[in-house]
Amino acid sequence: MTAVLEGFRTVLSGEYPRLLLSGLGLTLAVSICALAVSVLVGTALGAARVLRVPVLGRLGDAYVTVVRGIPLIVLLSVVYYGLPTLGVTLPDFPAAVLALGLYSAAYTSEIVRGGISSVPAGQAEAARSLGLSRGQALRFVVLPQAWRVALPALGNEFISLILGSSLASAVTLQELFSQGRYITNATYRQFEVYAVLALVYFLLTFVLSRLVRALEARLSRGVTLPERRVI
């Protein structure tokens, strides 16, 4: 026990806490940026699939099926190590953001579809009766209501992105897990370092999950979710 306590003192002294904080900041930065990519791409995919656009809808279905069948670490490797063979070279941060965002977009697409499906069909019909096109009805009437339902699930997706960002060390990004591995190599204190990392990830995701639950409870007050699909 004395040796373990001494190991924790070693890990939490000197420059190591600063490295962990730096890695935590980079983890949050890459997760937030990846979430932005995920929301943009996922919303476009979800809308195309709901609107049943002949080509885009099928491409969206194919994209979701393919991406959900690929491990995230493989997609990260394809973006960072594979694209240079095609003449596209990305630094570690943009590569991690792109890979995480595109991977998450497949799941965000399903979240968006569920949110759109929860909006009463009469909302879209009323918008169409006022002269709006299907796209305008979706953009100005349906999506704002759908996001209210989708936000809690999107919060859970953000938590998944934070956990998935630990794989970004595979593309040399110096995020939290990568900094932990550096400290492990410097101190040979595997148990203590990974215990600290586990605690940091747990506290981060615990706080975020509580915020998501509070948001979900707030948004669900007085809201009923019909089963009819719109548009």
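Mentor: Let us begin with helix H5, residues 92-117, in this predicted model. Tyr103 and Tyr107 lie four residues apart in H5, so about one helical turn separates them.

Trainee: How is a pair of aromatic rings described?

Mentor: Two quantities are used for a pair of rings: the distance of the centres and the angle of the planes. For Tyr103 and Tyr107, the centres are 5.7 Å apart and the planes are at 50°, so this pair is tilted.

Trainee: Is Tyr107 buried, exposed or partly exposed?

Mentor: Tyr107 has a relative accessible area of 25%, so it is partly exposed. Tyr81 likewise counts as partly exposed, at 45% relative accessibility.

Trainee: How many aromatic pairs does the structure hold?

Mentor: There are five. One of them joins Tyr80 and Tyr81 in an edge-to-face arrangement, with 4.8 Å centre to centre and 90° between the planes.

Trainee: Which residues have the most contacts inside the largest nonpolar core?

Mentor: They are Val30, Ala96, Leu100, Val171, Leu173 and Leu208, in a core of 28 residues. Several helices each supply at least two of its residues, including H2 (16-51), H7 (134-164) and H9 (190-219). The most comes from H5, which gives seven residues.

Trainee: What is Leu173 in contact with, leaving aside its neighbours within four places in sequence?

Mentor: Its contacts are Leu26, Val30, Asp92, Phe93, Ala96, Ala168 and Ser178. A second, separate core has 11 residues, among them Val50, Leu51, Val112 and Val142.

Definitions and conventions:
Residues numbered from 1 in each chain as written. Predicted model: local features only at pLDDT ≥ 70, side-chain atom pairs only at ≥ 80, totals over all residues. Heavy atoms only, no water. Phe/Tyr/Trp six-rings, centres within 6.5 Å; stacked < 30°, edge-to-face > 60°. Buried < 20%, exposed > 50% of the residue type's maximum accessible area, 1.4 Å probe, protein only. Core = buried A, V, L, I, M, F, W, Y, C linked by side-chain atoms within 4.5 Å. Contact = heavy atoms within 4.5 Å.
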